[in-house]
Amino acid sequence: MSSSSRCLQLLEKCRNINQLNQAHALAIACGLGSNSFALSRLIAFCSDPFHGSLSYGYKIFQHIENPTICICNTMIKGFLLKGESFEAIRIYKLLLRNSTRRPDNYTLPYALKACTSMESSNLGESIHGHAAKLGFLSDNFVGNSLIVMYADFGEIGAARIAFDEISCHCVVSWTVLISGYAKMGDVYSARSVFDEARLKDRGIWGAMISGYVQNSCFKEGLKLFRLMQLSGVKPDEANFVSVLCACAHLGSLEIGKWIHIYVGKLKMRVSVKLGTALIDMYAKCGCLDLAEQVFDKLPHRDVICWNTMISGYAMNGDGESALRLFDEMEKLGVTPDNVTFVSLFTACSYSGMAKEGLRLLHTMCNVYTIEPTSEHYGCIVDLLSQAKLVEEANTIVRSMPILGSKSEEAIPWRALLGAFCSQGRVDLAEAAVDRVANLERHSGAYVLLSNAYAFAGRHDEVRRVRKMMKKRGVEKTPGCSSVEINAVVHEFIAGENTHSHMDEIFELLGIIKRQLDSLQCDFLDSLEQNKFV
């Protein structure tokens with residue numbers, strides 16, 4: 001075997017940067033210092049975000065007199081993997097200046113991804129123009145990258161145009177366009193694209209199911225999952241996570257249990273992501289014992305998994321278990337994040353543990369140096385109001401720093417308004433509702449104030465608030481509820497009589513009312529008779 005061949009073999013076997021330095025030295029000694037293949041292998045290793053050294057790779061790149069397109073692509077990819085999008089675009093621009101080389105269908109997707117990372121739509125449009133001049137618009141790699149970029153920029157019309165220019169759509173093309181429409185909240189167009197696709201793999205099915213779930217169309221997501229099964233497509237982990245999320249929001253325990261059993265029948269490994277989805281589903285359906293079983297069986301847990309279990313205890317009013325689990329989390333060295341403390345504050349609020357909640361606030365700020373967000377302030381207000389400490393809550397909200405956007409600032413003010421109304425503090429509620437109304441256009445603030453006036457017997461003020469809502473064009477969002485009967489989820493919306501069994505429901509309610517009226521009459525008759533005994 002020649003020394004050159006041995007050197008190239010050594011390059012393939014490198015496992016760390018020290019070995020690469022030795023192999024590089026040997027390559028130079030063997031006369032491979034300017035060999036394109038050897039240089040591409042060196043830079044490819046350096047571009048590896050786990051084992052390589054991008055700075056070393058870039059030094060090699062700078063000394064190459066005429067790098068091939070493959071070497072340039074590897075260098076651009078290396079910068080992208082490191083999150084250095086500006087450097088990736090700089091290499092792309094150097095490539096454009098060289099008349100002997102042109103970007104290919106690998107270069108352009110990398111450059112488009114860099115534009116997305118930089119949030120530069122103008123630069124992305126320029127590279128789109130380069131793709132058109134070079135004749136790559138019909139290419140799958142380039143076309144799919146254009147769809148993703150435009151969808152991320154919210155330009156779904158441009159994404160559709162890019163899709164239509166692809167000569168032969170692959171499953172990725174359909175998947176990214178469906179996901180793009182779903183991301184924009186347009187599930188109707190997403191479903192239309194889904195229906196257009198002749199061959200549907202589980203990626204296409206998963207994109208549409210996920211799109212429904214992301215846009216709160218949970219029943220539609222479950223129906224599509226069932227259709228996917230009937231089509232003979234085997235679901236993957238991502239599909240199960242989406243469907244479990246739908247079950248959690250609908251409170252559909254039986255379907256959630258069935259999915260858990262189905263996962264077992266498929267002998268699918270319960271990963272952290274899938275396990276967390278199961279925990280969330282069981283907790284939201286009120287089955288903490290089953291959520292705990294899944295949590296305890298997981299061999300590895302990330303902070304999201306811990307947060308989900310703590311949140312499960314919180315929403316079910318078990319503050320002590322939430323705090324116990326947090327202590328266990330700290331002992332195992334898992335660092336909490338801001339979501340952890342939102343769940344803990346909620347747990348303390350629901351369980352009437354104001355002192356523990358304030359202690360945790362001190363821990364969050366001083367031990368973990370986490371700056372309180374609008375959600376944290378909202379939880380603390382709820383916590384204090386549950387303990388009837390509305391004046392303290394008022395002081396905290398009025399002294400909090402500017403939190404960013406108006407919608408974020410509205411969260412603690414809305415919680416404070418709710419606290420004033422629940423405690424009958426109409427005087428303070430009037431000032432809070434003006435602040436909330438200035439921060440967001442939502443009916444909730446007006447409804448709370450109207451309810452507070454009604455509770456205080458100030459019906460003229462109730463009418464005034466309703467007139468104000470009408471004048472400002474603020475409409476009350478109708479209430480919605482759902483119930484699961486025999487594994488079928490029934491949804492009801494206030495003011496609508498669209499349910500197929502509505503006549504039977506009203507008939508049954510009439511029977512119940514007549515029975516209650518009869519019982520009340522019998523009870524009053526009994527009281528009347530006993531008066532004279």
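A crossing of two helices is left-handed if the near helix is turned anticlockwise from the far one by less than a right angle. The legends below describe close-up views of a predicted model.

**View 1. Helices α8 and α9 form a left-handed crossing.** Helix α8 spans residues 121-134 and helix α9 spans residues 140-152. Their axes come within 11 Å and cross at roughly 160 degrees. Angles over 145 degrees count as roughly antiparallel, and α8 and α9 are therefore roughly antiparallel to each other.

**View 2. The largest nonpolar core of the model contains 136 residues.** Ile127 and Met281 have the most contacts inside this core. Helix α15, covering residues 237-250, gives the most to the core, contributing eight residues.

**View 3. Surroundings of Met281.** When neighbours within four places in sequence are left aside, Met281 is in contact with Leu244, Cys247, Ala248, Leu253, Gly256 and Lys257.

**View 4. Cys70 and Cys72.** The model has zero disulfides. Cys70 is in no disulfide, and the nearest cysteine sulfur, that of Cys72, is 9.2 Å away. A disulfide requires two cysteine sulfur atoms within 2.5 Å, so the sulfur of Cys72, at 9.2 Å from its closest counterpart in Cys70, is too far for a bond. Cys70 is partly exposed at 44% relative accessibility, whereas Cys72 is buried at 2%.

Conventions:
Residues are numbered from 1 along each chain as its sequence is written. This is a predicted model: local features need pLDDT of at least 70, side-chain atom pairs count only at pLDDT 80 or more; totals for chains, interfaces and linings use all residues. Side-chain values use heavy atoms; hydrogens and water are left out. A nonpolar core is a set of buried Ala, Val, Leu, Ile, Met, Phe, Trp, Tyr and Cys residues joined through side-chain atoms within 4.5 Å. Buried means under 20% relative accessible area, exposed over 50%, partly exposed in between (1.4 Å probe, protein chains only). Helices (H or I, at least four residues) and strands (E, at least two) are DSSP runs, numbered from the N terminus. Contact means heavy atoms within 4.5 Å. Axes are lines fitted to C-alpha atoms, for helices over the stretch in contact, and angles run from 0 to 180 degrees between N-to-C directions. Angles under 35 degrees count as roughly parallel, over 145 as roughly antiparallel, 65 to 115 as roughly perpendicular and the rest as oblique.
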